[in-house]
Amino acid sequence: MKSSYSNTSGECVEVALNVPGTVAVRDSKDTACGPILRLAPQAWARFAAELGRQAA
C-alpha cells in the first residue's frame, strides 16, 4: 500500500502486509534494489500508533 500523503514526485514509503508474520517497508523511489525494513506486526502497530500520537 502507498501512503495517501504521497506527493507527485513519488517521495513516499510503501508498506507490504502480504507476508505472513512480517510488515515490509521500503522507499517507493528505490523499489528495485533499495533496502527493505522488515518488522514484526506488533512492532509496526506500536510504531504506527506513535506516529498517530505525534501528528495529533
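**Exercise 1. Find which residue takes a positive phi in the hairpin of strand 1 and strand 2.**

Step 1. Strands (E, at least two residues) and helices (H or I, at least four) are DSSP runs, numbered from the N terminus. Residues are numbered from 1 along each chain as its sequence is written.

Step 2. Look between the strands. The hairpin of strand 1 and strand 2 has 2 residues there. Gly21 takes the positive phi, near 75°.

Step 3. Know what you are reading. This is a predicted model: local features need pLDDT of at least 70, side-chain atom pairs count only at pLDDT 80 or more, totals for chains, interfaces and linings use all residues, and side-chain values use heavy atoms, with hydrogens and water left out.

**Exercise 2. Work out how the strands pair, and in which sense.**

Step 1. From the N terminus on, the elements run β-β-β-α. That is 1 helix and 3 strands.

Step 2. Apply the rule. Two strands pair if DSSP finds at least two bridges between them.

Step 3. Take strands 1 and 2. They pair in the antiparallel sense over 5 bridges. Ala16 has Ala24 in strand 2 as its bridge partner.

Step 4. Take strands 2 and 3. They run antiparallel too, joined by 4 bridges. Here Ala24 stands opposite Arg38 in strand 3.

**Exercise 3. Locate the salt bridge and say which parts the pair ties together.**

Step 1. Set the cut-off. A salt bridge is a side-chain nitrogen of Lys or Arg within 4 Å of a carboxyl oxygen of Asp or Glu.

Step 2. Search the whole structure. It holds 1 salt bridge. Arg26 forms it with Glu14; the closest N and O atoms are 2.9 Å apart.

Step 3. Arg26 lies in strand 2 (residues 22–27) and Glu14 in strand 1 (residues 13–19), so the pair ties together parts 12 residues apart in sequence.

Step 4. Check the cover. Arg26 is partly exposed, at 30% relative accessibility. The classes are buried under 20% relative accessible area, exposed over 50%, and partly exposed in between (1.4 Å probe, protein chains only).

**Exercise 4. Find which residues Ile36 is in contact with, leaving aside its neighbours within four places in sequence.**

Step 1. Ile36 is found in strand 3. At 37% relative accessibility, Ile36 is partly exposed.

Step 2. List the contacts (heavy atoms within 4.5 Å). They are Ala24, Val25 and Arg26.

**Exercise 5. Classify the aromatic pair of Trp44 and Phe47.**

Step 1. Recall the classes. Rings of Phe, Tyr and Trp (its six-membered ring) pair if their centres lie within 6.5 Å; planes under 30 degrees apart count as stacked, over 60 as edge-to-face, the rest as tilted.

Step 2. Read the geometry. The search of the whole structure finds 1 aromatic pair. Trp44 and Phe47 lie 5.5 Å centre to centre, with 40° between the planes, and the pair is tilted.

Step 3. Trp44 is partly exposed at 21%, and Phe47 is partly exposed at 42%.

**Exercise 6. Find where confidence is lowest and highest among the elements.**

Step 1. pLDDT is the predictor's confidence in each residue, from 0 to 100. The protein averages 81, and 77% of the residues score at least 70.

Step 2. Helix 1 is lowest, at a mean of 87. Strand 3 (residues 36–39) is highest, at 93.
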